[in-house]
Amino acid sequence: MSDPAFSGIPEALATAVRAVDVPHDLRTLFERLAVPLALEVEAPAEDAPPLALQLLRLAGHGASLRLVGARMSAAGSKVRFIHGMKDLVLGTAELAEGIPALARRVAQSLLEADEAAGALERFARESPRQEALRRLTRAMLETGSIDRLRTILLIGMTSGLALGFSRAALFVYDEDGRALVGESAIGPADAAEAARATSGLSLEQRIAEVETTEPRYENFVRTIAVDVTTDPGDEIGQALAASGPLLFSRERPMNPALAALEPPGEFLVAAFRLRDKVLGIVVADDPYGRAPIDPQAREFIGFLLDTAALASENLRLRESVETLARHDELTGLFNRREFETRMADEQSRAQRLGSQCALLLFDVDHLQRVNLARGHKAGDELLQQVGVMLRSTLRSHDIVARLTGDAFAVLVTDTTHEQVLAIARRVGTLGLGMGISLSAGGSLWPRDNHEMSVLFSEAEAALIDAKRGGRGRAVIEGDEAPMLFEPPDDGEPLD
């Protein structure tokens, strides 16, 4: 079945037309003309100017450009636009000048003064937005950081694209998913700073500027929690129910959180959602400018929000995959591969700072007996208890991993021999308090100019000595006697 979009076009020429894409700028030009044009095209089937083919394709789908004739030509190409009693004929050379030149020729030759002024203004405003959308979309999809993604989103909303915004704030749901709280924001301190923000900086320059500027507005936004009132005029409630961004013009917002931002008379509110799930709310305004907000900014912001939502979902999926690759599935601790990577990083840091670190290995005593007597599920629950105990006992910068089976490892950073002994005693004592016997072996680095690569072998040898000595104890390399773990006395503080 033939495509009605290509009816009236010779088949050999239609084949070439099907192979081209219509650029955003060309589509935007004719959408923004606000006057219908008729189109006639003569072109060869081979080596036709791309713009002639793009115009033919656009005329097959667009209401503002109507195809009235298409013919094959053996020599050269010719495009004729018709508007009322006026026409504009472009040859191969003029078609090669590009879309901006086409826009000027159409405005000068076919449109009345008021039509031309309006069309060129709309095109000039919209064309850079299309390029900005491409840049912002690419940056969002390529970033590996959710914080950077949010910064790019807010920069896009406050960039110099005649949108009418100099401030933008993002509110996202808290960990419980119950309340919208301020997370990120961009807002200049005064009109001069607002002007600098739209002074033609590249995206990377703008990101660097935002990241080094004192975040006064962001700090204020982070103090705000958003509640949705029962008032039908509540702007947040309306935005959550709407399918796209909403523009408001009112002296004072009805929603208390928005009122706290003190927006000027006009402001935008939009839900930030992925499919049907609301991820947050964005609010944008301009307290420093006098130009009204462009109504078409809603379409631009809507596209930005959709792109940011998809990019955030990609980041979430990537983080999930990376988390699975780095962590032990049962306990949530690091796995052996990630632990060894962190050890190498710590070695470099310790060498640079001249600090000392230690490796402690812990084995759960008699785990096999638990598995045989009570089942592997009980054994898994016991290992999970040990993982929780290690995470809650150690310092936040110490590195904890489950190596395999009943074996756990702790890299104690920035430490001393005495601190390592205290940590081993605390872990063993807490274990006994939970009814779990542990054996431990440890080694410190640097010591006696040993390479860090011997830490594992020394700690493993010490752990073997602890298990052979009767279990429920720790052997630390360099100590003359093992440390026997004892259950905690009631009320006795654990160092």
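Trainee: How many residues of strand β5 (residues 167-173) are buried?

Mentor: Buried means under 20% relative accessible area, with exposed over 50% and partly exposed in between (1.4 Å probe, protein chains only). Six of the seven residues in β5 are buried, so defined. This is a predicted model: local features need pLDDT of at least 70 and side-chain atom pairs count only at pLDDT 80 or more, while totals for chains, interfaces and linings use all residues. Residues are numbered from 1 along each chain as its sequence is written, and side-chain values use heavy atoms, leaving out hydrogens and water.

Trainee: Which strands pair with β5?

Mentor: Strands are DSSP runs of E, at least two residues, and helices runs of H or I, at least four, numbered from the N terminus; two strands pair if DSSP finds at least two bridges between them. β5 pairs in the antiparallel sense with β10 (residues 277-285), over six bridges, and A168 has A284 as its bridge partner there. With β6 (residues 180-186), β5 also makes six bridges in the antiparallel sense; V172 stands opposite V181.

Trainee: Which residues have the most contacts inside the largest nonpolar core?

Mentor: A nonpolar core is a set of buried Ala, Val, Leu, Ile, Met, Phe, Trp, Tyr and Cys residues joined through side-chain atoms within 4.5 Å. The largest has 37 residues, and L26, F30, L55, L65, F81 and L102 have the most contacts inside it. Helix α3 (50-61) gives this core its largest share, seven residues. Another core, of 34 residues, lies apart from it and includes L154, L268, A284 and L305.

Trainee: What is L102 in contact with, leaving aside neighbours within four places in sequence?

Mentor: Contact means heavy atoms within 4.5 Å. For L102, the partners are L26, L29, F30, L51, L55, F81 and L90.
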